[in-house]
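Colleague: I am new to this structure and would like to know what stands behind the words used for it. Could you take me through them?

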Amino acid sequence: MIQITKKLTGKKYWRSLDQYYQTTEFQDWLNKEFPTQAQEMIDEPSRRNVLKLMAASFALGGLTACRRPVEHILPYSRGVENLIHGKPLFYNTVMSLGGSATGLTARTYEGRPTKIEGNPDHPASLGATRGYHQASVLSLYDPGRMPNVRGDGKDSDWNGFTSYVQTLSGSLGNGAGLRFLSEPMNSPSFTAVKKHALTRFPAAKWVEYSPIHTTATAQPVAPRIAFDKAAVVVALDSDFLGLDDTTVVAVKEFVRGGRKVTDENPLMNRLYAVEPQFSVTGAAADHRFRMKSSEIAGFAGALLSAVQSQELKVVGQGNSSADKALSAIAKDLAANRGKSVVVAGPRQSGAVHQIVHQINQALGNVGPVVTYLKPASDQTRPQLDALKELAGEMANGQVNTLVITAWNPAFNAPADLEFEANLKKVANVIYLAQDLDETAMASKWAIPAAHYLESWGDAVAFDGTASIQQPTIQPLHGGKTAAELVAFVSGYKDLKAYDIVRNHWLPVVGGEKAWKKALHDGVIRPAAAVAGSAAPVFDTATPAPPTGGYEVIFVPSWSVFDGRFVNNAWLQETPDPMTKLTWDNAALVSQATARKLAVAMGDVIAIERNGRKVEGAVMIQPGLADDTIVIPVGYGRTKVGQVGEGAGFNAYKIRTSDTFGYGGGFNVSKTGRVYPLARTQEFEYQEEPKLVGFQEDVVRPIVREGTIEEFKKNPHFATEMVEHPPLKSLYGDYDYSKGQQWAMAIDLNACVGCNACMVACVAENNIGVVGKEQVARGREMHWIRMDRYYTGPVDEPQVVTAPIPCMQCETAPCENVCPVAATVHSPEGLNDMVYNRCVGTRYCSNNCPYKVRRFNFLNWHINEAEVTKMVYNPEVTVRMRGVMEKCTYCVQRIQNAKIDAKVEGRRWLKDGEVTPACAQACPSDAIVFGNVNDLESRVAKMKVSPRNYGMLAELNTKPRTTYLAKLRNPNPELQPVTAAEEHHG
Amino acid sequence: MADLAIKDPHVTPVLVEGNPSLHEVTNDVAQIVEGINRNVPVQWYIALAITGSITLLLFAMLGYLVATGIGVWGNNQPVGWAWDITNFVFWIGIGHAGTLISAILFLFRQKWRTSINRFAEAMTLFAVACALIYPLFHTGRPWRAAYWLLPLPNTHLWVWPNFRSPLVWDVFAVSTYATVSALFWYVGLVPDLATMRDRATGLAQKIYGALSLGWRGSARHWRNYEMAYLILAGLSTPLVLSVHSVVSFDFATSVLPGWHTTIFPPYFVAGAIFSGFAMVVTLMVIARWAFQIEHLVTIKHLENMNKIMLATGTIVGYAYATEFFIAWYSGNPYERFVFINRAFGPYAWAYWTMISCNVISPQFFWFKKLRTSVAFMFVLSIFVNIGMWFERFVIIASSLHRDFLPSSWGYFVPTWVDILTFLGTFGLFLTLFLFFVRFLPMIAVSEVKGMMAHQQMHHDAHGHAAKDGAKTHDASPGLTPVTGGGH
């Protein structure tokens, strides 16, 4: 395994006793340039000799130029089991984010993890991942990671920390001044360590905090919603398909339950979204109503009384469309008793969650659809209460020692707790730091944290399934795990993470063999029982957030989550699915609010409440609730690595504990400054922009959409959207009826636009990161992009998303025009790109109607840290500047699968034997890849669906990537939604 | 075309004014090269210092480009081509006038061409030299593109260029055009080089002597010369039409709305002639003033060129209208949008600049007073050049920036490197010109003298037999060798 250390440490070997004692003879000998080989010149220097020497020196000097640079090779002194050079090894592991565990499979080459996939056996992954998981491997090689132990603001080492802890432990006593601050616990072995620590220090306290995932319950209980069992879903400010769940379970179940529409029996679930922001859940909704956060509670209450009253007609007979919608939603829910669900998002108060629970109870959904499970964490009180108490104790000087394993609380704790200032009042702050961040700077000791790919651990999924976090590489910077640090501080010297995990699990699983199986499978079966209370108690004590003025909503960021991925270039460059913004966050406002504030895109506004102020750029997003400002958190870090420097603004500065999810009473003013924002998609509509009066309204049939009723009436509605003359090819058609013909079908009805495919593609194909300035110039390199279009009225829009990879056209326009034949067609129907033949005329890109080709305008790897290069997939060339590149359908995977099949004596691959990175990561199984000549393959079956259409096929491109048209299932009572109708609960 | 030269067959135009002797004509032209009293005017050095510096700027920009990447320009997705190909087509277009004047007007027996053809041909060559920079340097890897686009046998890959690609057709079209134009120019120069040889001394004599290929002005020489010239004129004529037709195929054969149109070849050729003549007028107005050769390049010459600009400018305007009509008539929504977007979208400013300069401004040449005003035509020819640059920019950038999928739409903004590179090509163009006027006779002395003989003869005959006027025009200048050596 490869290890990077700052300086070579370890045993010193001596060559002789002379060296050992550093004798003068030895020093002399050492200082001679050629100790034994050359006689020293003892002649008196003469002109002749000098000239001879000079000539010889010149000759030798020239020879040295022939030498290759010295490189050190570290051979395996012992062979690694199962390792074949150049062949990857896969290890199952698990990653926790926001308190949720996702089982993963890490692909490693020669001890170097390069790619993350979902573990199909893991209940929270089922083979798919989020973009965060895909990008987490880049964070491992982040050059900005904490390189070494720091103590008292100076570089130190583990020994220094050891001696410090030795002196400290004497003064800890029963732990009266000792506090621990961790992320929400979902690690059984860490929980065991925690218990030991609290036994050793009975007066110590343990606080859990996550700036994103909070519970609204007053007791440890986690609602579990089986979306596949719900025919009607009402999401109240809940982004369950997006960031309100860091796993992919909800997406998987929601799509499986009612978005994978078959042709024979077209059935679809129905999703209503009522939300202030415009989330991907709102985009997937059949009906979406924008509503201020503070009005959600009222809406939920009205919905409750509607479903509780036996006579539904009593409610919702008002004139406003909101009433009508409410009544229709209530009727729809009532018609689906026991197979519907109402969900509320984490930003809503406990009271709202209680109402939602009552609605579900009234509808008989608790049990069939909603169950309450026991979460892994045993935190018994609302996390903010505990954190507030901790901050108070810190301010009062009651805390003497604080051990922080949570990520960067000085940055992400509520602003009113003044956490960073209070940290300075604690004498001994020990912080497990990913990088030298705000908290590390304010701590006495900062210990490098081990990445999950380099350390042992474990995590429990929502259903109780535990997984071992198996490392794939030695800690690059000697990092420690949270369990190791806590164990060390609480007196367990030299307890390694491996021992902690293994000692915990060996008795549980029952022996070495079962342990090995657990490591191999990535899951420990059977899962622990997690059944919780059927009557949860909600946190109704916490008052509802303040109202009035402008409401600010704090949402996690698709790129940086809570801020921890700020230095992750892959995520920073992946555009937000809805705003298409890269490298920054923005204050998102609706069009009406922007008009009211008299601001345009990029204008910097100041948002202020109770003397706390932050300034950030405005982005106008259609479909937001008015008088509402949506801000993704986590940006605006002050202490951060090179990548995240200067990205966005810090919304945590105005996020107080009473406005943790959202809050009103904010004042907004213009600053007059303008901040440039870099977006990957500037045009939001499929409608042609109206440039002149006589222009007809044309909606381009790109992402084609219909209702389920339209589909039932006319299954071919999508293909009939375009008429064109007979298509003829100038150069004749190639016979693609033989052999394996690769193709892709993308079900637009399943896609929720979560971007996992984009990040997976970046990771698999070594795609360059170009940075904000180049994104603004339109030079991003993504091989698969996520197109997002608004439809309908500008204030109440709907959204469609479509992943756009290369279409691998059979009659590819790019191929004709390449002067050097650098892009050519393979007999298996792939549009191949020959990098070393490409001269970079960019003609192919100009002639590509889909604009999926990407040009290396500059050398994107010029400033890359050495350590970051370890992330590259050795199967894929890293492209130089000046050449064109594009999606290959992951041709390296196809070739590997073909080699494997050939070894087994097969000529054809089985369906599913090869999966491109995008399809593998896709949480909604929207992307399906396979051989169209295999009529039994999933892709071939999708291609014969009447919903199947080729984007821009009227250009006679014969695209191999085709789409299944999107469907919506609107409530017949509620359509059509027109601009005139306003929806306010 | 013949009408352009002579409206009334009974009135002979005076193409050389002041009735100079043959020797005076030789002196007038040759002394520009030799310098007055063998002294090169200081203005020439000043001009060369300026244009030379700008040329060095071009080399610096190209060096920076090759060292850093195409990203130093403003090109992006979706605008893969921008100023690079705009400038390429612009310069190639300018290069059209020279060969047109030399070859087509020669075949049409337009004698007024003799005073301007050398100058225009030189302009062609220098414009093509500037144009050729772009197809090479716009590529991401010019060190490969320099020879991979040529059909060279190679052993390591055994791949040929893709003969389906219009860029490969370009390579053939432009290189053929450049070669034939250079040959044509050089062949036409041979008698005059001999004149220079005979007047020069020392090293200059040796160089001119080598270049004049042993020309002695014998009847046999003249016979061979005239035949070679005629053949080259015949060869060049289709090239004038083909090169810009092929360049237009770069666009016409693509699928991009706004490019994918059959009107492009004739429209591009007309535009090229238009811009080429405008550039000749711009430069000629300066040159005839600077070198005091107004009697050789007369208002009549300039007026004829203005008439051609009027004709081609109107053709170009008609083509713009046709494009719009077809975009509407075809019913293709993508095509229709591209044209609406051209006129009213983000690049509307470029479009209306183009329309004003190319369609509206040449219409002033309907008025004789304006088309014979040197100051007016100078300004207007610059407008036409600006307009024709914008035509190429509009076609390229406005079609690319908003094509099929709105998600990929973008906008192109040039960088300082784009701007300085383009400026640098003007530096190269003018530097080459300065060398040309300094070292080579910029007016085809032998041809002018041949034409003068006709004029003389005609003048003599005019008083007695005006009805013979048309007849003299049937005689080829080549059949009346007058002079070759130096006098």
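Modeller: One definition comes before the rest. A helix here is a DSSP run of H or I with at least four residues, and helices are numbered from the N terminus. The model itself is predicted.

Colleague: Where is P78(B), then?

Modeller: P78(B) sits in the loop between α3 (42-68) and α4 of chain B. A cis peptide bond joins Q77(B) to P78(B), with omega of about 5 degrees.

Colleague: Which residues does the cis peptide bond with omega of about -5 degrees join?

Modeller: That bond links R525(A) and P526(A). P526(A) belongs to the loop between α18 (512-521) and β19 (550-555) of chain A. Most peptide bonds are trans.

Colleague: Why are α4(B) and α16(B) called oblique?

Modeller: α4 (residues 83-94) and α16 (residues 374-401) of chain B pack at about 140 degrees, their axes 9 Å apart. Roughly antiparallel needs an angle over 145 degrees, and roughly perpendicular runs from 65 to 115. The pair is therefore oblique. The crossing of α4(B) and α16(B) is right-handed.

Colleague: Which residues of α4(B) and α16(B) meet?

Modeller: From α4(B) come I85(B), T86(B), V89(B), F90(B) and G93(B). They meet M388(B), W389(B), R392(B), F393(B) and I396(B) of α16(B). By class, this contact of α4(B) with α16(B) holds seven nonpolar residues, two polar and one charged.

Colleague: What makes α5(B) roughly perpendicular to α11(B)?

Modeller: α5 (residues 96-107) and α11 (residues 264-290) of chain B pack at about 90 degrees, with axes 7 Å apart. The range for roughly perpendicular is 65 to 115 degrees. That places α5(B) roughly perpendicular to α11(B). H96(B), A97(B) and L100(B) of α5(B) take part in the contact, facing residues of α11(B) that include A272(B), G276(B) and V280(B). The contact of α5(B) with α11(B) has seven nonpolar, two polar and no charged residues.

Colleague: How do the axes of α5(B) and α6 cross?

Modeller: The axes of α5(B) and α6 (residues 117-137) of chain B cross at roughly 145 degrees and come within 6 Å. This crossing of α5(B) and α6(B) is left-handed. A97(B), G98(B), T99(B), I101(B) and S102(B) in α5(B) meet residues of α6(B), among them N117(B) and E121(B). Four nonpolar, five polar and one charged residues make up the contact of α5(B) with α6(B).

Colleague: How do you know that the length of α8 agrees with its 34 residues?

Modeller: At 1.5 Å a residue, α8 (residues 166-199) of chain B should span 50 Å, and its end C-alpha atoms are 48 Å apart, which agrees. α8(B) has a kink of about 45 degrees at V190(B), shortly before P191(B). α12 (residues 299-329) of chain B reaches 44 Å, close to the 45 Å expected for its 31 residues.

Colleague: How many residues of chain A are in contact with chain B?

Modeller: 45 residues of chain A touch 42 residues of chain B. The side of chain A that touches chain B divides into 23 nonpolar, 13 polar and nine charged residues.

Technical notes: Residues numbered from 1 in each chain as written. Chains lettered and ligands numbered in written order. Predicted model: local features only at pLDDT ≥ 70, side-chain atom pairs only at ≥ 80, totals over all residues. Axes fitted to C-alpha atoms, helices over the stretch in contact; angles between N-to-C directions. Helix = DSSP H or I, 4+ residues; strand = E, 2+ residues; numbered from the N terminus. Parallel < 35°, antiparallel > 145°, perpendicular 65-115°, else oblique. Left-handed = near helix turned anticlockwise from the far one by under 90°. Contact = placed C-beta atoms within 7 Å. Nonpolar A, V, L, I, M, F, W, Y, C, P; charged D, E, K, R; others polar. Expected span 1.5 Å × (residues − 1). Bend = angle between axes of the 7 residues up to and from the residue.
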